[in-house]
Amino acid sequence: MTNDNKSVCVIGGGISGMTTAIEAAEVGYEVYLIEKSPSLGGRVVQMNQYFPKLCPPQCGVEINYKRIRVNPKIRYFTLAEVEKISGTPGNFDVTIRLNPRYVNDKCTACNKCAEVCPVERSSDYNYAMDKTKAVYLAHEMAFPMKYVIDDKVCLKEQCAKCLAACKYDAIELSMKPKTLNINVGSVVLATGWSSYDAAKIDNLKYGIYKNVVRNVEMERLAAPNGPTKGKILRPSDKKEIKSIAFVQCAGSRDENHLAYCSSICCLASMKQATYVRSQYPDADIYIFYIDIRATGRFEDFYTKVQADNKISFIKGKVAKITEDADTKSLTVVAEDILSGQKIYKTVDMVVLATGMVPNGIKSQMPADIVYDEFGFIVPDLQSPGIYTAGCAKKPADVASCIQDATGAALKAIQIFV
Amino acid sequence: MANNLIESDIDFVNDITKLGGGSLKKCFQCATCSVVCNLSSDDKPFPRKEMIWAQWGLKDKLISDPDVWRCYQCGDCSVHCPRGAKPAEVMGAIRNYSFKNYAFPKFMGTALSSPKYLPLLFAVPVILFLLVLAHVGNLISVPAGEIVFAKFIPHLYVDPIFISVSAIVAGAMAMSITKFWKNMDTNNPHGNHYGEKSILQSGILAAEEILTHNKFKKCDANNLRYSGHLAIFYGFMALFAVTTIVFFGLYVFGLELPLKLTNPVKILANIGAVALITGCTIAVYNRLNKKDTSGESYYYDWLFLGILFIIGITGLLAELVRLSGNAPVAYWTYFVHLVFVFFLIAYLPYSKFAHLMYRFVAIVYAKYAGMREPAEDAVTEKTEVKSVA
Amino acid sequence: MDKKLGVYICSGCDIGESVEVDKLLTVAQGEQKIPVCIKHANLCGAEGVELIKKDIKEQGVNSVVVAACSPRVHFDTFSFDPTVYVERVNLREHVAWSHVPKEEDTQMLAEDYIRMGIIRAKKANAPKPYIENITKTVLVIGGGITGMTSAIEATKAGYKVILVEKASVLGGWMRRWYKQLPQRPPYKELQDVDIEKTINEVKKHPDIKLFTSAEIENVSGQPGMFDVSIKQDGKTIIERAGSIIVSTGWKPYDAGKVDGLGFGKYANVVNNVMMEDITVQGKGKIKRPSDNKDVKSIVFVQCAGSRDKNHLPYCSSVCCLTSLKQASYVRNSNPDAKVYIVYKDMRTPGQYENFYKDKQADNGVFLTKGDIAGITENPDKSLEVNIKNTLIGEDIRIKADMVVLATGMVPATDSGILNLQYRQGKELPMLKYGFPDSNFICFPYETQRTAIYAAGCVRQPAESKTCKDDATGAALKAIQALELESIGSAVHPRAGDLSYPIFFMQKCTQCKRCTEECPFGAIDEDEKGSPKPNPNRCRRCGVCMGACPERIVSFENYSVDIVSSMLKSIEVPGEEEEKLRILALACENDAYPAFDIAGINRTILNPNIRIIPVRCLGSVNIVWIADALSRGIDGIMLMGCKYGEDYQCHFIKGSEIANRRMENLKEVLQRLVLEPERVRVMQLEISDYNRLPDIMNDFMAKVTELGPNPYKSF
């Protein structure tokens with residue numbers, strides 16, 4: 001258990017993982033931050049604004065990037081996946097697979113490669129609502145600010161146009177995966193969440209009707225760096241919208257899908273209602289819900305949104321959506337429970353408040369990871385030296401995740417005492 | 001204050017739980033059920049409101065709610081229910097409760113509600129028919145010669161038995177229905193809007209709805225259930241018609257029995273029997289294999305289905321054996337058949353068979369009281385409801 | 001040590017195609033007389049970096065100006081020996097990528113940036129930290145579940161703790177609970193309260209110095225060296241602590257204030273805390289208070305005072321779970337009892353949905369949404385609850401033996417906790433409703449008093465599981481503050497910053513602006529009104545520097561003089577040239593990166609604007625405005641964060657203060673016959689990069705309309 005190497009391995013470079021890493025490093029411990037995608041930042045950098053302040057997530061992310069920049073104790077790896085962890089608390093051997101970026105550290109992010117790249121791919125950052133080149137920057141604030149090549153679509157040596165275009169020798173089409181072995185004292189799992197696949201909810205017609213989108217996609221539609229440059233336009237014809245319905249608990253609190261409450265969707269929809277409101281002051285906005293869950297001071301936000309006479313809250317779950325074949329407008333049906341009447345609202349667009357699915361961990365671990373029935377990691381039941389932070393352990397809002405991730409940092413460094 | 005004093009009846013909740021509504025407490029009132037139900041109207045749709053009434057043990061509301069009988073338990077609601085509260089089954093359980101609740105006399109309701117009384121219930125027709133056999137001397141040996149069932153148990157005995165039983169049953173039904181109608185009239189959650197249709201008009205419309213099964217057809221989740229029910233229904237109606245024709249034929253026109261196989265009435269009878277058996281087979285298959293949509297099956301369901309199935313099979317079997325010439329088997333099969341027919345008819349108002357009358361009455365009432373019908377493929381903005389959250 | 005500057009200009013990444021690099025070299029070499037001036041086509045490449053390193057080693061260059069890309073990238077590439085000062089000039093994002101190439105205006109912009117960078121490198125020094133001998137002990141105030149958890153967790157990380165509890169026993173509210181909510185999967189069954197174990201652990205812990213029946217008299221000093229005066233048994237004990245966790249918990253809302261609920265009036269109307277007491281007293285058997293009779297029916301009234309603008313406008317988060325828990329008590333006490341729960345919204349987030357589902361499944365529990373229209377008492381002391389807007393479809397009335405009001409949590413902050421001997425108030429500033437919470441979603445522990453953190457229900461209403469997590473987080477921050485202070489570093493959000501404000505006291509006029517405006521209460525006053533800075537309380541925002549009319553406050557690497565000199569180095573074309581010059585003082589966390597992103601997106605911006613990053617708009621000294629205007633600069637934009645209720649400024653009021661100062665400046669400008677519109681304070685978010693061209697052009701149009709600065713010709 002005695003090991004001079006007082007370092008922590010944090011798996012997941014989203015807001016929770018970054019927080020744990022930074023907080024531990026600012027106490028003075030060495031941290032390895034492992035992220036599987038090309039940039040740190042995770043889900044929050046795909047958000048337009050945070051509730052309830054309606055402030056841009058990039059602001060806090062920028063501070064965190066800066067904290068990482070100035071802190072030599074944090075070593076981060078993107079496109080990296082933990083393959084295996086073995087050993088004992090205080091002395092874990094972590095095997096990390098570094099997937100090839102095909103772009104080396106010489107990259108200056110000058111964009112010359114992308115200018116000549118002939119291949120396109122659908123953007124995962126924008127949930128496939130637009131395209132990037134095969135060589136691309138994850139987003140304008142990508143950290144590290146390095147391009148990456150999507151090897152699933154890149155034509156590699158057959159094309160090699162980027163190779164010629166790059167003045168800095170940064171393209172390495174023959175880059176191979178590498179393995180990195182590190183020794184750490186403790187491990188924090190901050191593997192985060194994914195949005196529920198709404199296509200599984202057959203009556204809500206996601207993936208069938210074009211104007212039915214998920215809340216995560218709505219964030220991109222409202223974001224200045226999204227596929228529509230921040231203008232909320234309906235997908236079928238890129239038209240401005242006059243009315244919109246938010247369908248709460250789309251999959252969540254549903255035994256056929258996610259039996260737990262995803263905690264944040266009520267607030268997310270209210271927040272998105274404010275997006276619509278600020279872009280389209282005359283639009284009619286309907287929020288269909290079972291229970292509005294705005295705990296603590298989030299209630300203030302609910303009160304504020306509720307006071308808006310263009311936003312109607314209807315207690316009753318939307319269970320049926322139909323599409324007008326010509327106009328592509330949608331009619332949502334619910335029972336307005338408090339009046340005992342079925343209610344039909346024809347709207348331009350429908351946003352499904354889909355919930356959070358925990359990503360869990362796929363790496364080989366020194367001991368079995370204990371999950372609850374929903375796939376969330378149970379923090380108290382893990383073997384010593386393994387800790388959990390953020391949405392890997394419960395569905396939660398950003399502030400709660402960060403609060404939790406800060407606590408996880410303390411747990412992770414206690415092993416060194 | 002004029003608010004209604006609510007007294008939750010835990011016993012009622014427990015009863016509903018036992019009668020097939022075991023999942024009712026899971027409901028969290030999202031109203032998915034009311035929306036996915038193709039039979040539910042726009043005004044005060046079911047079964048969301050019935051679910052909370054059931055959860056709260058509000059018996060009076062439920063037993064006088066016509067909507068309980070406008071549900072065909074097709075299972076759309078149960079399939080989509082996010083909590084596994086199975087509203088379809090709860091509605092079924094409430095109907096089961098109603099059989100017992102409206103039973104006249106009361107003890108008959110109790111007798112049909114639990115398998116422990118089953119031997120007693122069967123003992124009545126068995127003893128009755130055995131006494132007849134003993135009286136006519138057919139108890140020890142069956143009549144010789146051409147197999148004619150009337151030789152075994154003569155019409156002279158059978159018909160008066162069934163006529164008097166039917167009369168008693170009709171009387172009991174009248175009592176139950178009167179009470180049911182009165183309850184609906186006082187407690188109808190939709191409020192009464194009389195005057196649109198007369199009772200007669202309502203009755204005709206209700207009959208049309210039942211005969212065409214046009215509401216039942218709207219079920220999405222389990223279409224097989226609709227087919228099964230249709231087969232049973234028409235099989236039964238055919239057999240009922242045959243019985244009526246034969247009865248009148250016998251006494252009015254001196255019809256000779258057994259009928260020839262080519263006789264149109266006989267053909268109808270056989271088709272009816274086959275339809276009944278086929279329908280029952282589908283129903284049994286459904287109940288065993290499609291629990292997600294059909295839901296769990298309970299005593300009321302199995303008893304009724306079993307009786308019908310056996311009636312169909314024994315009827316057909318009796319005919320086939322008769323044709324094959326095996327007199328003892330044929331006669332005793334017929335005996336069994338009669339016992340089950342007796343069971344069906346005599347206990348009609350208390351078994352699930354009674355759903356026929358309650359449903360019919362409820363539909364008549366609904367039409368008479370001006371209750372809304374479900375919207376036809378409603379996609380247009382019909383109601384403008386500004387909700388107070 | 002004498003400064004020897006080296007200027008390194010990169011021509012890569014379109015810079016060479018956009019501006020004439022040689023001319024930039026001329027500016028550095030000829031005009032600014034820099035001995036070492038080199039251009040390179042790929043400065044961030046191995047060869048370029050080697051070049052700089054070689055000059056540091058062989059030529060003794062100790063101040064490096066890297067004129068290349070934004071400081072937000074290649075930060076590690078261009079960091080050398082810590083004694084070498086590095087200044088980054090953003091020629092790529094702020095010039096080449098956001099302006100029309102090869103134009104005179106673009107060239108002038110680049111040249112100005114080179115000048116400003118060189119001036120700054122000349123004047124700024126690598127800071128030497130302020131280090132005091134600090135105590136690595138954490139003070140925890142409040143011995144409930146949160147405080148005890150914080151204490152234990154901090155000791156586990158190797159720190160000593162002083163725990164002060166007002167009551168004679170530890171354990172807080174939780175000690176009074178009959179059962180607690182499930183703490184682990186499947187989140188269905190109630191758990192025994194296991195707080196005695198924690199209490200014993202705290203009591204026996206060698207690293208926890210425990211004071212019960214004790215209160216804080218006052219706290220003086222600064223982080224790392226707080227002198228804490230504790231009052232116990234009439235005696236005063238002085239302890240030294242380095243950081244503080246406030247976990248004083250909550251109190252139930254006085255339901256007597258809510259009309260129509262009968263609390264305090266009817267014997268059988270109790271609150272949810274009393275319900276725990278009743279259950280504990282009856283050892284699980286619930287008897288109604290009026291006559292000790294078995295309870296056969298009970299109504300739980302949710303949101304009794306919570307979610308009500310006349311009482312507690314917020315949701316208390318735990319009451320739904322608590323009532324479901326207590327419904328179980330009643331049902332276990334009497335299997336025939338009827339339990340009614342009347343809620344506004346059933347709030348059982350996350351996995352606690354399981355708890356809701358499980359407790360609801362009981363045939364004797366009846367739930368509905370509804371509004372309480374009133375509660376009345378019958379002669380037999382039973383109660384009638386009138387409920388409107390139910391799910392039943394009608395207004396209803398329920399007769400009950402007892403009513404439990406699910407009253408909410410009020411943060412225990414109304415009476416003093418810390419009694420800080422700070423110039424700016426004795427307690428942690430409240431965010432809202434008495435919660436001393438952080439205003440930041442991204443940084444929930446970013447409090448307004450350095451090294452003092454709130455945790456548990458005093459910060460936000462929460463169940464015990466969340467409180468324990470929160471307690472752990474706060475403990476981390478408390479020990480982190482100690483570690484950072486011990487090396488002389490700022491804490492979040494400028495962690496790692498070793499600079500601190502230095503006061504040139506001889507020139508102080510005791511105007512008190514710095515002591516009043518410091519957002520963190522870092523500066524006290526002596527009797528004469530002279531500032532007494534406490535560097536360990538300081539967050540290094542520079543608001544004091546901006547406030548000081550005498551310019552006596554400065555940091556080694558950031559001062560009034562540095563920025564003044566920078567903006568004075570801007571070449572202002574004469575009036576005849578018809579080229580306006582605009583200065584933008586931009587918040588370095590939001591506005592500055594927004595310009596970077598505009599560059600990354602190749603957004604074309606107006607070339608007449610010169611951007612100087614500032615730590616916070618609050619650090620902007622009016623002198624800069626005066627200097628700029630007297631230099632002939634035509635207009636000034638101050639780009640800061642949003643202020644007001646949902647302020648985004650991490651130094652609380654930076655942009656608000658700047659705005660106020662500029663209001664005051666208007667008069668001065670008018671006296672000088674200068675239009676106040678030449679100075680505009682704007683609130684800008686990092687995500688506003690798409691709006692930059694419009695924002696800039698709009699201001700430019702205004703200034704064009706006003707005409708050139710009349711002071712140009714002087």
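This is a predicted model: local features need pLDDT of at least 70, side-chain atom pairs count only at pLDDT 80 or more; totals for chains, interfaces and linings use all residues.
Residues are numbered from 1 along each chain as its sequence is written, and chains are lettered from A in the order in which they are written. Local features need pLDDT of at least 70, side-chain atom pairs count only at pLDDT 80 or more, totals for interfaces use all residues, and side-chain values use heavy atoms, without hydrogens and water.

**View 1. The contact between chain C and chain B.** Chain C gives 28 residues and chain B gives 25 residues, where contact means heavy atoms within 4.5 Å. The two chains bury about 2,300 Å² between them, 53% of it on carbon and sulfur atoms. Buried area is the accessible area (1.4 Å probe) that two parts lose on being put together, summed over both. Asn363(C), Ile392(C) and Arg397(C) supply 28% of the area that chain C buries against chain B, more than any other three residues.

**View 2. A salt bridge between Glu353(C) and Arg83(B).** The side chains of these two residues meet at 2.2 Å, N to O. A salt bridge is a side-chain nitrogen of Lys or Arg within 4 Å of a carboxyl oxygen of Asp or Glu. Across the interface of chain C and chain B there are 3 salt bridges by this rule.

**View 3. Strand β1 of chain B beside β21(C).** β1 (residues 4-6) of chain B and β21(C) run parallel and are joined by 3 bridges; strands pair if DSSP finds at least two bridges between them. Strands are DSSP runs (E, at least two residues), numbered from the N terminus. Ile6(B) stands opposite Ile398(C) in β21(C).

Methods: Helices (H or I, at least four residues) and strands (E, at least two) are DSSP runs, numbered from the N terminus.
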